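Please keep the sequence and the structure in view while reading.

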Amino acid sequence: MLQRDYILEIVGQFVEGVSDAFRRAVSGDVTGAADVERQIGELLDLDASTALALAPDSLVTMMLLSGMGDSVASYVCYALERLSGLYEREGDEDLAGLRRIQARAVAESFSCDPADVPAELAALDAELFS
């Protein structure tokens, strides 16, 4: 029960933080994408610059070792996939590609789909990415 409450709390914080960061990123704020990455790191309880510099398989391994990978994978997968689109739009093909293959690795390892939008982020996705 306590672990479930903890997961609900950190997911709620992630949804709030990533929503604000994505809105800023889409509107052209250069710090928005970095803040999305920071939110992913916080959700995984890892330093964002370290976590998102990892090879896709290593990122998955870190998620598995955290013990919470199954609980947060769909959120991480969604955020990485949307980040890849933002970086692609900015012309950063290398970073877009890395985020996309990280999203796919998370999707394959935790049986989620990068195209699926977590319910808590559906309104944001419709607002910003549809």
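This is a predicted model: local features need pLDDT of at least 70, side-chain atom pairs count only at pLDDT 80 or more; totals for chains, interfaces and linings use all residues.

## A loop residue and its surroundings

M68 is found in the loop between helix 4 (56-66) and helix 5. Helices here are DSSP runs of H or I with at least four residues, strands are runs of E with at least two, and both are numbered from the N terminus. With a relative accessible area of 12%, M68 is buried.

Residues are numbered from 1 along each chain as its sequence is written, and side-chain values use heavy atoms, with hydrogens and water left out.

## The overall fold

Which secondary structure elements does the protein contain? The protein has seven helices and zero strands, and in order from the N terminus the elements read α-α-α-α-α-α-α. The radius of gyration of the protein is 13 Å, close to the 14 Å that the globule rule gives for 130 residues, so the protein is as compact as a globular protein of that length. This radius is taken over C-alpha atoms, and the globule rule is 2.2 Å times the number of residues to the power 0.38. Along the principal axes, the C-alpha atoms occupy a box of roughly 40 × 30 × 25 Å. Of the 130 residues, 46% count as buried.

## Salt bridges

How many salt bridges does a search of the whole structure find? The search finds 10 salt bridges, each defined as a side-chain nitrogen of Lys or Arg within 4 Å of a carboxyl oxygen of Asp or Glu. The table lists some of them.

| Pair | N to O distance |
|---|---|
| D35 and R24 | 2.5 Å |
| R38 and E42 | 2.7 Å |
| R100 and E81 | 3.8 Å |

In the salt bridge between D35 and R24, the closest N and O atoms are 2.5 Å apart. This pair links distant parts of the chain, with D35 in helix 2 and R24 in helix 1 (residues 2-26), 11 residues apart. D35 counts as buried, at 18% relative accessibility.

R38 and E42 also form a salt bridge through their side chains. Because R38 and E42 are four residues apart in helix 2, about one helical turn separates them. R38 is partly exposed at 35% relative accessibility, and E42 is partly exposed with a relative accessible area of 48%.

D20, R24, D29, D35, R38 and E42 are linked in a network of salt bridges.

Elsewhere, the side chains of R100 and E81 meet in a salt bridge. R100 in helix 6 and E81 in helix 5 are 19 residues apart, and the pair links distant parts of the chain. Are R100 and E81 buried or exposed? Both R100 and E81 are buried.

I101 belongs to helix 6 and is partly exposed, with a relative accessible area of 41%. I101 and A33 are separated by 68 residues in sequence and by 17 Å in space, C-alpha to C-alpha.

D45 is not a glycine, yet its phi is positive, at about 60°. D45 lies in the loop between helix 2 (32-44) and helix 3 (48-51), and at 65% relative accessibility it counts as exposed. S111, also a residue other than glycine, has a positive phi near 55°. S111 is placed in the loop between helix 6 and helix 7 (122-129), and S111 counts as exposed at 71% relative accessibility.

## A charged patch on the surface

Which residues gather in a patch of negative charge on the surface? The patch brings together E90, D92, E93 and D94. For such a patch, residues must have over 30% relative accessible area and no salt bridge, and like charges are joined within 9 Å. Asp and Glu count as negative, and the place of a charge is taken as CG of Asp or CD of Glu. D92 lies in the loop between helix 5 (69-90) and helix 6 (93-110). At 31% relative accessibility, D92 counts as partly exposed.

Terms used:
Patches are made of residues with over 30% relative accessible area and no salt bridge: like charges are joined within 9 Å, nonpolar side chains (Val, Leu, Ile, Met, Phe, Trp, Tyr) within 5 Å. Accessible areas come from the Shrake-Rupley method with a 1.4 Å probe; for residues, only the protein chains shown count as cover. Buried means under 20% relative accessible area, exposed over 50%, partly exposed in between (1.4 Å probe, protein chains only).
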